[in-house]
Number of protein chains: 2
Amino acid sequence: MIQLDDLDRAILRLLKEDARLTISEIAGRLGRPESTVHFRIKKLQEQNVIDKYTIVLGERLQPKSLAIVYIQAETPIIEDFLERYILYLMKTLSMFPNVLAVARSGKAGIIALIGEENREKLNRFVDETIRALPTLKKVEVFPIDSFTKGKEIVGFLVGV
Amino acid sequence: MIQLDDLDRAILRLLKEDARLTISEIAGRLGRPESTVHFRIKKLQEQNVIDKYTIVLGERLQPKSLAIVYIQAETPIIEDFLERYILYLMKTLSMFPNVLAVARSGKAGIIALIGEENREKLNRFVDETIRALPTLKKVEVFPIDSFTKGKEIVGFLVGV
DNA sequence: TATGAAAGACATCATGT
DNA sequence: ACATGATGTCTTTCATA
């Protein structure tokens, strides 16, 4: 399996903070030679410890109003139908740009993270688009007001 | 407000996919001179449209079992106490490395994203650490089985 | 704001300790 | 694992439109 030592972890932590740090910067901060840092990063990429490099978009492009929505479908007689219906619902939801994430929760449940400019638009989306989906048993809305951890997911998930 | 044109958006989309693309690569793909692309990226950074560059960690470092947990505190007589208690709970939860995100939901609610190696450990954490917190009215667990959108948040949020 | 050219910084790789 | 140096590529700046 993967054995990360302290140097690997230190490099990963620095890159997580700022993936544009140059190798010589990292080497300087950690008091290691550039060649070593270069070698480690290359290995971390090859081993897929580093999956990808990406950007987080700033607040000005982020939706101001967020909510987690839990959707539960009715359980029909034919189970195979439920399976296909859930997958269809998830794919459908995934297509909306204001639906930031969609996950399956159990046999008949879906969790979605919704983002909109303001509370009114968010409520309207939930009422007019989500609750309007056929054959739902329950739609539970958990508004998100603030973060103490993971706030950056919004800028990470939002599209352009 | 911010006016992004097609070139800005194209650059952002490319950087979102791979933030290590060189300016000359991007310039080549978009059929624009390097200096123009360089100028745009610089502006996007200054305007804070690009908030930061970061890495997403691969599956081998990610928790295999995830759940959204909704926690609702009991509403006490003194409202100011609830306020401080909720903030205390959020800060406490945020300190666990396996708690990937913590958000407030309404006056008395908290939403947390929990990650663990497997289902057993996850259930144990919920039972022994979360349900053990005092003065809770309700703890609702929504296991996350798969994603159709936003799967990458796990590698984005997980620490080293 | 866009572009082209030129200078400097950087990553990368090979070789040797 | 670390050092050094050679090479080509990339970023960055600046002058110009």
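This is a predicted model: local features need pLDDT of at least 70, side-chain atom pairs count only at pLDDT 80 or more; totals for chains, interfaces and linings use all residues.
Residues are numbered from 1 along each chain as its sequence is written, chains are lettered from A in the order in which they are written, and side-chain values use heavy atoms, with hydrogens and water left out.

**Who takes part**
- Chain B brings 59 residues to the contact, and chain A brings 59 residues; contact means heavy atoms within 4.5 Å.

**Salt bridges**
- Four salt bridges are counted between chain B and chain A; each is a side-chain nitrogen of Lys or Arg within 4 Å of a carboxyl oxygen of Asp or Glu.
- One joins the side chains of K52(A) and E17(B), at 4.0 Å from N to O.

**A look at N98(B)**
- You can find N98(B) in the loop between helix 4 (79–94) and strand 3 (99–105) of chain B; helices (H or I, at least four residues) and strands (E, at least two) are DSSP runs, numbered from the N terminus.
- N98(B) is buried, at a relative accessible area of 12%, where buried means under 20% (1.4 Å probe, protein chains only).
- Setting aside neighbours within four places in sequence, N98(B) is in contact with L113(B), I114(B), G115(B), E116(B) and F125(B).

Note on methods: Buried means under 20% relative accessible area, exposed over 50%, partly exposed in between (1.4 Å probe, protein chains only).
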